[in-house]
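Load the model in your viewer and keep the sequence panel open beside it. The stops below are meant to be selected in order.

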Amino acid sequence: MLTTREEARGQCFEEFRQQFGDNERAFGYIRIQMGDEMSKRKKFIFLTWIGQNVGVIQRAKMSTDKALIKDVLNNFAVELQAGAENELDIDLFRDALNRAGGANYGTGVRNF
C-alpha cells in the first residue's frame, strides 16, 4: 500500500484496511488468493483511495498521480476506487475479482 507520504506492508486484509483514513488520499495494491478446491491462483487489485474529507484540489491531483503509479504497478486484475470505510470489504474485493476472472468451476454442485 502506498500513500502520499509513506510505504506500508502487511500480512492480512485488516492491516490493509487500517492504512486508509478519511483525510487521506492513497493507492493500495493487494494480493488475494482466489480459486476453488481444484485451482488456486493469486490475483492483484489496484485501489485508489480518496477519503471523504479530502479537499477538491487534492482530489483533482489524484488522476495525475494515478497515471504515475500505474506506470510502475501495471500487473493487476481489477482496479477499484473507494472513499468510505465500508467499501474496504474483503468480500467486495473477492466479488470484483470473481467478475473479472471469467469461469468459476467450484465443486460442481448446483443450488437450484
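A polar contact here is a pair of N or O atoms within 3.5 Å; within protein, one atom must be able to donate a hydrogen and the other to accept it, and residues adjacent in sequence count only if both atoms are side-chain atoms. The model is predicted, so local features need pLDDT of at least 70 and side-chain atom pairs count only at pLDDT 80 or more, while totals for chains, interfaces and linings use all residues. Residues are numbered from 1 along each chain as its sequence is written, and side-chain values use heavy atoms, with hydrogens and water left out.

**Whole chain**

Colour the chain by secondary structure. It has 3 helices and 4 strands, in the order β-α-β-β-α-β-α from the N terminus. Helices (H or I, at least four residues) and strands (E, at least two) are DSSP runs, numbered from the N terminus. Of the 112 residues in the chain, 32% are buried; buried means under 20% relative accessible area, exposed over 50%, and partly exposed in between (1.4 Å probe, protein chains only). Among contacts between residues at least 6 apart in sequence, 58% join residues at least 24 apart, where contact means heavy atoms within 4.5 Å.

**The hairpin**

Select residues 25–35 and 40–50. These are strands β2 and β3, which run antiparallel and are joined by 11 bridges; two strands count as paired if DSSP finds at least two bridges between them. A hairpin of 4 residues connects β2 to β3. G35 is opposite K40 of β3, and I32 has K43 as its bridge partner in β3.

Stay in β3 and select R41. At 32% relative accessibility, R41 is classed as partly exposed. Its side chain makes a polar contact of 3.2 Å with the side chain of S39.

Is E24 buried or exposed? E24 counts as buried because its relative accessibility is 18%. A polar atom of the E24 side chain lies 2.9 Å from the backbone nitrogen of G21.

**The parallel pair and its crossover**

β4 pairs with β3 in the parallel sense over 5 bridges. I45 stands opposite V78 of β4, and F46 stands opposite E79 of β4.

Now show helix α2 (residues 56–72), which forms a right-handed β-α-β unit with β3 and β4. To check the hand, point the strands away from you: a crossover is right-handed if the path from the first strand over the helix to the second runs clockwise.

Within α2, pick K61. K61 is partly exposed, with a relative accessible area of 41%. Draw a distance from K61 to R25: the two are 36 residues apart in sequence and 9.8 Å apart in space, C-alpha to C-alpha.

**Helix α3**

Select residues 90–101. At 1.5 Å a residue, the 12 residues of α3 should span 16 Å, which agrees with the 16 Å between its end C-alpha atoms; the expected span is 1.5 Å times one less than the number of residues. At the N-terminal end, D89 caps α3, with a side-chain oxygen 2.6 Å from the backbone nitrogen of D91.

Which residues of α3 are buried? They are F93, A96 and L97. Seen down the axis of α3, the buried residues fall within an arc of 95 degrees, so they line one face of the helix; the arc is that of the directions from the helix axis to the C-beta atoms. An α-helix has 3.6 residues a turn, so residues three or four places apart point the same way. The buried residues of α3 pack against α1, β2, β3 and β4.

**Last stop: M34**

Return to strand β2 and select M34. M34 is buried, with a relative accessible area of 8%. Leaving out residues up to four places away in sequence, M34 touches S39, K40, R41, K43, R94, L97 and N98.
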